[in-house]
Amino acid sequence: MAAQKLLLLPGDGIGVEVLAEVRRIVAFIEQKGILSFEIDEDLVGGAAYDAHGVAITDAAMAKAKAADCILFGAVGGPKWDGVEYDQRPEAGLLRLRKELELFANLRPAICYPALADASALKRELVDGLDIVIVRELTGGVYFGSPKEITDLGNGQQRAVDTQVYETYEIERIAKVAFELARVRSGRVTSAEKRNVMKSGLLWNQVVTRTHGQGYEDVKLDHMLADALGMQLVRAPKQFDVIVTDNLFGDILSDVASMLTGSLGMLPSASLGAEDKTTGKRKALYEPVHGSAPDIAGKGLANPIAMIASLAMALKYSLGKPELADLLDKAIARTLDDGYRTGDIWTDGMSKVGTSEMGSAVLKKFETLVSA
Ligand code: IPM
Ligand code: MG
């Protein structure tokens with residue numbers, strides 16, 4: 001069995017704590033002889049800045065490019081607020097996404113029945129919710145140039161960010177969404193702002209055209225991104241797959257996370273194009289939540305989004321979809337048993353910390369794997 005090259009990038013804040021729980025699950029999988037791993041680790045974000053003065057080193061980038069799969073914690077925190085823009089912690093993550101061409105970001109929002117009461121919405125609106133936001137991740141306003149602040153010389157400054165999309169970028173993310181919809185409920189909603197943005201107009205046209213080129217079996221709807229935000233909190237179960245650009249996807253996925261009870265519940269997979277010869281995709285898995293400086297280092301963080309990100313890695317990179325299902329089931333059963341970190345705690349449930357939650361999920365997983 002060829003060893004899978006795994007790169008761990010815990011990053012900052014709670015990233016370190018939640019990734020520690022995943023390490024234990026990975027060790028169990030290896031010890032069971034299910035997969036063998038070649039595990040490496042490096043710094044990213046503020047931690048890399050403190051050690052090396054950059055948000056990610058070239059050496060870490062080289063490891064990332066060679067890895068079968070990257071597990072990423074979180075980056076950032078007030079400690080690095082004054083750091084030069086190009087080396088702010090987030091720059092490490094953006095460099096990984098861009099240089100590895102991880103253009104397809106899958107962000108599933110599933111509401112576990114046990115958590116329906118922790119959602120900000122009424123139980124009936126979210127119970128059984130199962131949607132995926134497919135966010136374009138290497139284009140748009142995140143990377144467009146110019147991106148600058150210039151001095152106008154009269155005491156005024158001007159800031160410019162550039163929203164830019166080319167046909168191929170829209171086409172390839174639309175295809176990911178259509179293909180994903182085929183193995184789900186067969187519906188895609190594409191969101192943009194064609195009423196005010198040229199990039200929205202092109203997005204709408206290219207998605208429509210791509211749909212007509214062999215994806216007619218999938219039902220496609222278009223919605224303006226602001227209206228979609230409203231519908232997400234009004235009637236979220238109307239959606240199956242949502243495809244949208246980098247910035248709208250960032251915002252809408254944070255909204256979607258609260259439908260599931262907490263930002264601490266949402267995993268994500270960032271995938272590159274399939275390699276023509278090996279059939280493999282470059283891939284990075286990370287929780288949607290950030291480094292949560294307010295609770296970092298206290299053992300309070302919810303590790304579920306990170307553990308569910310490992311489940312996505314098992315499914316999309318490590319060729320073990322059945323094992324991924326068992327890990328998801330272990331999470332659901334742990335929640336059924338009433339284990340809750342502070343972010344998803346409701347009356348009558350047992351409040352636990354990061355490692356207790358990690359242990360509980362691992363225990364359920366061990367039982368399921370051994371059954
Ligand atoms: C996310 C995060 C990142 C983003 C930050 C940390 C750069 O919010 O992955 O959603 O804006 O993409
Ligand atoms: Mg975000």
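Select Asp 226 to begin: at 47% relative accessibility, it counts as partly exposed, because that label covers what falls between buried (under 20% relative accessible area) and exposed (over 50%), using a 1.4 Å probe and protein chains only. Asp 226 sits in helix α8, residues 225-234; helices here are DSSP runs of H or I, at least four residues, numbered from the N terminus. A word on the ground rules: this is a predicted model, where local features need pLDDT of at least 70, side-chain atom pairs count only at pLDDT 80 or more, and totals for chains, interfaces and linings use all residues. Residues are numbered from 1 along each chain as written, ligands are numbered from 1 in the order written, and side-chain values use heavy atoms, with hydrogens and water left out.

Leaving out residues up to four places away in sequence, Asp 250 touches Arg 107, Arg 135 and Tyr 142 (contact means heavy atoms within 4.5 Å).

Finally, show ligand 1. Its oxygen atoms have polar contacts (N or O pairs within 3.5 Å) with side chains including Arg 97 at 2.7 Å, Tyr 142 at 2.6 Å and Asp 250 at 2.8 Å.

Key:
Helix = DSSP H or I, 4+ residues; strand = E, 2+ residues; numbered from the N terminus. Polar contact = N/O pair within 3.5 Å; in protein donor to acceptor, adjacent residues only side chain to side chain.
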